[in-house]
Amino acid sequence: MARKRGGDPSSTDIDMTPMIDMTFQLITFFMFVMNFSEAEQDERIQLPLSQLAKPVEGAMETPITLQLTNGGAVIYAGELVAVRDIGGYLEREKSVMLDAGKEPSAATVIVRADGRAKTGEVQDIIRICQEKGFERFALRAQYDEG
Amino acid sequence: MAKRESSLGDKVAVDMTPMIDVVFQLMSFFMCSLKVVAPEGDFDIRMPLGVAAAAAPDDQQVPPVRVKLAAGPDGSLASISMNGAPVADFEDLRKRILGIVGTDTGPNSLAERTEVELDCDYGLKYVNVVRAITAVSGKVQDGQIVELIKKIKFTPPKRG
C-alpha cells in the first residue's frame with residue numbers, strides 16, 4: 001500500500017486542542033463520579049439484597065456505622081472488634097455526643113451486616129446500642145434492581 | 001494612564017507539555033481513586049430499650065403481627081409462621097400482611113398502626129431477616145414501591 005508523504009518534515013505541528021478537550025472532559029467525568037463521602041463500606045461485608053431498601057438521601061445526623069462480618073466480628077472505625085466489646089466504643093461515642101449537647105437517641109446506628117452473619121449477633125449489637133441509649137437504627141441492604 | 005502596547009505581530013509559542021503532564025496526572029489520580037459502589041439503602045427501625053413494657057396501652061394501636069423465622073442447623077431458613085400459622089414463603093407472608101392491612105397506606109391507616117414483631121432464631125442467616133422485612137414493609141408494583149408496614153421490631157435475642 002502506498003504511503004502518503006507529508007510536505008515539510010521539519011515543521012510538524014500537531015493540533016493538541018482535541019486531545020486537551022477530551023482529557024478535560026474525562027477529568028470532569030471522574031470528578032463527578034468520584035465518591036467524596038466518607039461512607040464506610042467494607043468489601044468484606046456482603047450486604048443482603050432488597051428491592052425496598054430506600055436509597056440514603058442526604059447526610060444522616062450523627063451516624064455511627066457498625067459492620068458485622070460473616071465471622072461475627074464488628075468492624076468499627078476500621079478496627080475489628082468482638083461483638084461483646086463494642087459497648088466500650090459506643091460509650092465513648094455517647095460521651096462525645098453528650099459533650100456536644102446531643103442526646104444519643106438523636107444518633108442513627110447504621111448496621112451493615114453480612115447476609116451470612118447470624119441474626120442473633122445483629123440483635124446483640126442492637127441490644128448493646130439500646131443499653132447505651134441509642135434507639136434509631138438503619139439496617140442497610142444493597143439495592144436490588146430486580 | 002499610559003497604555004502598554006503589545007507587539008501583536010509576534011507569535012508566542014506556549015509550551016503545553018507541563019499542562020498536559022499535570023492534566024494526565026490528575027486524570028490518573030481520579031481514575032485510580034474511583035471506587036465503584038453498589039447502591040445501598042436502609043430499613044429504618046426505631047427501637048428504644050424497654051419501650052414495650054413502659055409504653056402505655058394505645059387504643060389506636062393494633063396487636064402486633066408476630067412473625068417467627070426458624071433456622072435449620074446450618075442457619076438456613078427452616079420455617080416461617082405468622083401469628084402461629086405456618087407460612088409457605090416470603091411471597092405468601094407478603095400476601096398475608098396485605099390481607100391484614102389492606103391497600104390503604106395513608107395517615108392513620110391500619111398499615112401505619114400495625115407493628116410487626118420479628119422473632120428469629122439466633123443462628124438464622126441475616127439475609128432471611130432482610131427478606132422478611134422486605135416482605136412485610138412493601139412491594140414493588142409497576143416500578144413503584146407500595147408501602148405496607150413500617151413499624152418493625154425484634155424480640156430479644158435468644159441464644160441456643
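Predicted model: local features only at pLDDT ≥ 70, side-chain atom pairs only at ≥ 80, totals over all residues.
Chain B contains an open sheet of 5 strands, arranged in the order β4-β3-β2-β5-β8 with mixed pairing. Its edges are formed by β4 (85–87) and β8 (151–154) of chain B, each of which pairs on one side only. On average, and with direction ignored, neighbouring strands of this sheet are turned by 30 degrees against each other.

Strands of a sheet pair through backbone hydrogen bonds, in either a parallel or an antiparallel sense. The pairing between β3 (residues 77–82) of chain B and β4(B) is antiparallel and extends over 3 bridges. Within β4(B), P86(B) is the bridge partner of S81(B).

## A nonpolar patch on the surface

Residues from both chains contribute to a nonpolar surface patch: F24(A) together with V12(B), V14(B), M16(B) and M19(B). The accessible area of these residues together is about 460 Å².

One of the members, M16(B), is located in the segment before α1 (17–33) of chain B. M16(B) has a relative accessible area of 31% and is therefore partly exposed, as this class lies between the limits of 20% and 50%.

E135(A) belongs to the loop that lies between α3 (119–131) and β7 (136–143) of chain A. Its relative accessibility is 16%, so E135(A) counts as buried, the cut-off being under 20%.

When neighbours within four places in sequence are left aside, E135(A) contacts S105(A) in chain A. In chain B, E135(A) is in contact with I45(B), R46(B), M47(B) and P48(B).

Conventions. Residues numbered from 1 in each chain as written. Chains lettered and ligands numbered in written order. Heavy atoms only, no water. Patch = residues over 30% accessible without salt bridge, like charges linked within 9 Å, V, L, I, M, F, W, Y side chains within 5 Å. Areas by Shrake-Rupley, 256 points an atom, 1.4 Å probe, with all protein chains shown as cover. Salt bridge = Lys/Arg side-chain N within 4 Å of Asp/Glu carboxyl O. Helix = DSSP H or I, 4+ residues; strand = E, 2+ residues; numbered from the N terminus. Buried < 20%, exposed > 50% of the residue type's maximum accessible area, 1.4 Å probe, protein only. Contact = heavy atoms within 4.5 Å. Pairing = 2+ DSSP bridges. Axes fitted to C-alpha atoms, helices over the stretch in contact; angles between N-to-C directions.
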